[in-house]
Amino acid sequence: MPLPVQDSPTPLASAPTPAHAPDAGWRHARRANSLPEVHGSIKVPGANASFWRKLLAFGGPGLMVAVGYMDPGNWATDIEGGARYGYTLLSVILISNFFAMLLQHLAAKLGIVTGRDLAQACRDHYSRPVSLVLWVLCEIAIAACDLAEVIGSAIALNLLFGLPLTWGVALTILDVMVVLLFQNKGFRALESFVAGLMVVIFVCFIYEVVVSHPNYFALAQGLVPQPQIVTNPHMLYIAIGILGATVMPHNLYLHSSIVQTRQIEQTEPGKRMAIKFATIDSTVSLLLAFFVNGAILVTSAAAFHYNGYRDVADITDAHKLLAPVLGAGAASVLFAVALLASGQNSTLTGTLAGQIVMEGFLDLKLKPWMRRLITRSIAVVPAFVVTVMYGEHGTSELLVLSQVILSFQLSFAVIPLVLFTGSKLKMGVFVNKPWMQATAWSVSAIIVVLNVYLLVQTFIG
């Protein structure tokens, strides 16, 4: 439960701190910047600059957030959903994307207005025991996401080069060096690398959709929610897996931090401009993520569901069947290339999220390579064990399970975010409007109810 919020005492005067002051509504003064090595490192043009110059300057964090919405975990749920149920679950991806746009807007606003990321805000607002519980839950979510990246990258290496899955899993530890290389070159270099890999993924799936020849009328019908999504327990399981794979809890922590890499004026107009362009950046980026997620499901539905291959729930099987089913030799190769790009992109952003969460909740500073090695090892061990014991089929089921774990943890990131951005004391003039707050709480309620329902179905049914 949230602790009562008290204004920080002011030694020079007895009057309460104004609601618009940096530390109003917080129990402690801000002690450190989020991601201090890159905080405020990117200059932005002034208010008189053109719209496009401002957009270019603020563009980047949204792409890094969108990476998490197309990681290998999404592939597993989207492939199974498309193969089993055709285009029906396309509506779930669309609705999840709308949820994501709203929540990422709130995360960006929290970071810009308060100068705190979500982890720092939780540490200040909640008691120490509650903060530690939230930290553990977030670390579990990051480990689940990391697990998906490990397995996805290992599968891609196996598909492209024939590398055994166990070797591929072990090799993923080395990608910590890639992260360190780009971190040392500056945040813009990291954003540019992420954007380049996203272009690769986007182009690959344009090709996949074109050669799969989907039924566009049925596809359009799939964008409309159907009652069976809720009434069919297995369809609901996959749907909530898609929700967990789409709205990533650690992305809320990530976005609230990396928007602070922009050097903005700490005034009301300066913050309003930053919120506006950060929201445009993330919304456009999430539309790209929606296309990729939708394209995976559409390709799976067109290639497998409507050709009688409705039991395909494995990335490897999907790769093997794409070329012969679609009659396009490049389909399988580009599928694997996009999967590898997706895994590497998610690794980069997962590194930053892990650093933000540990430093924000624990106020603990670790060297980036050590932090990454710890989280990657947590993901590598279960992936390695499952790969050795159960092979390809086991890794596929582990991918879907990782997304359900993410969905369970989502509530514990969303509720504090909505609570903080709806607080007049914490946000001042930037507090959520009543309609925004009502919408945000409605989204939170839907997420909580679906997860409770899934939990009951899993253990009873």
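Select I415. At 34% relative accessibility, I415 counts as partly exposed. I415 is found in helix 17 (residues 368-421). Helices (H or I, at least four residues) and strands (E, at least two) are DSSP runs, numbered from the N terminus.

This is a predicted model, in which local features need pLDDT of at least 70, side-chain atom pairs count only at pLDDT 80 or more, and totals for chains, interfaces and linings use all residues. Residues are numbered from 1 along each chain as its sequence is written, and side-chain values use heavy atoms, with hydrogens and water left out.

**The surface patch**

Accessible areas come from the Shrake-Rupley method with a 1.4 Å probe; for residues, only the protein chains shown count as cover. Now colour helix 19 (residues 434-460). Helix 19 gives the largest share of the nonpolar patch, 4 residues.

Next, select S411. S411 also lies in helix 17. Is S411 buried or exposed? S411 is buried, with a relative accessible area of 10%. Show its contacts, meaning heavy atoms within 4.5 Å. Not counting residues up to four places away in sequence, S411 touches P416, I447, V448 and N451.

**The aromatic pairs**

The structure holds 8 aromatic pairs. Rings of Phe, Tyr and Trp (its six-membered ring) pair if their centres lie within 6.5 Å; planes under 30 degrees apart count as stacked, over 60 as edge-to-face and the rest as tilted.

Select W26 and F420. Their ring centres are 6.0 Å apart and their planes stand at 65 degrees, so the pair is edge-to-face. W26 lies in the segment before strand 1 (42-43) and F420 in helix 17, so the pair ties together parts that are 394 residues apart in sequence. Both W26 and F420 are buried.

Now select F58 and F277. This aromatic pair is stacked, at 5.8 Å centre to centre and 10 degrees between the planes. F58 belongs to helix 1 (residues 51-58) and F277 to helix 14 (residues 268-303), so the pair ties together parts that are 219 residues apart in sequence. F58 and F277 are both buried.

L425 and W26 are 399 residues apart in sequence, yet 8.1 Å apart in space, C-alpha to C-alpha. L425 lies in helix 18 (residues 424-427). L425 is partly exposed, with a relative accessible area of 37%.

**The cores**

Select W75, L118, F187, F205, L252, Y253 and F361. Of the 103 residues in the largest nonpolar core, these touch the most other members. Helix 16 (residues 329-362) supplies the largest share of this core, 12 residues. A nonpolar core is a set of buried Ala, Val, Leu, Ile, Met, Phe, Trp, Tyr and Cys residues joined through side-chain atoms within 4.5 Å.

Which residues does F361 contact, leaving aside its neighbours within four places in sequence? They are A119, C122, R123, R128, S131, L134, W135 and Y253.

Then select I238, F290, L297 and A301. They are among the members of a second, separate core of 19 residues.

**Two backbone stops**

Most residues other than glycine have a negative phi. Select L35. L35 has a positive phi of about 45 degrees although it is not a glycine. L35 is found in the segment before strand 1 and, at 3% relative accessibility, counts as buried.

Select H213. Phi of H213 is near 50 degrees, again a positive value. H213 sits in the loop between helix 9 (187-212) and helix 10 (216-222). At 65% relative accessibility, H213 counts as exposed.

**Zoom out**

Show the whole protein chain. The chain has 19 helices and 2 strands. Buried residues make up 59% of its 461 residues. The chain exposes about 18300 Å², and carbon and sulfur atoms supply 70% of it.

Key. Buried < 20%, exposed > 50% of the residue type's maximum accessible area, 1.4 Å probe, protein only.
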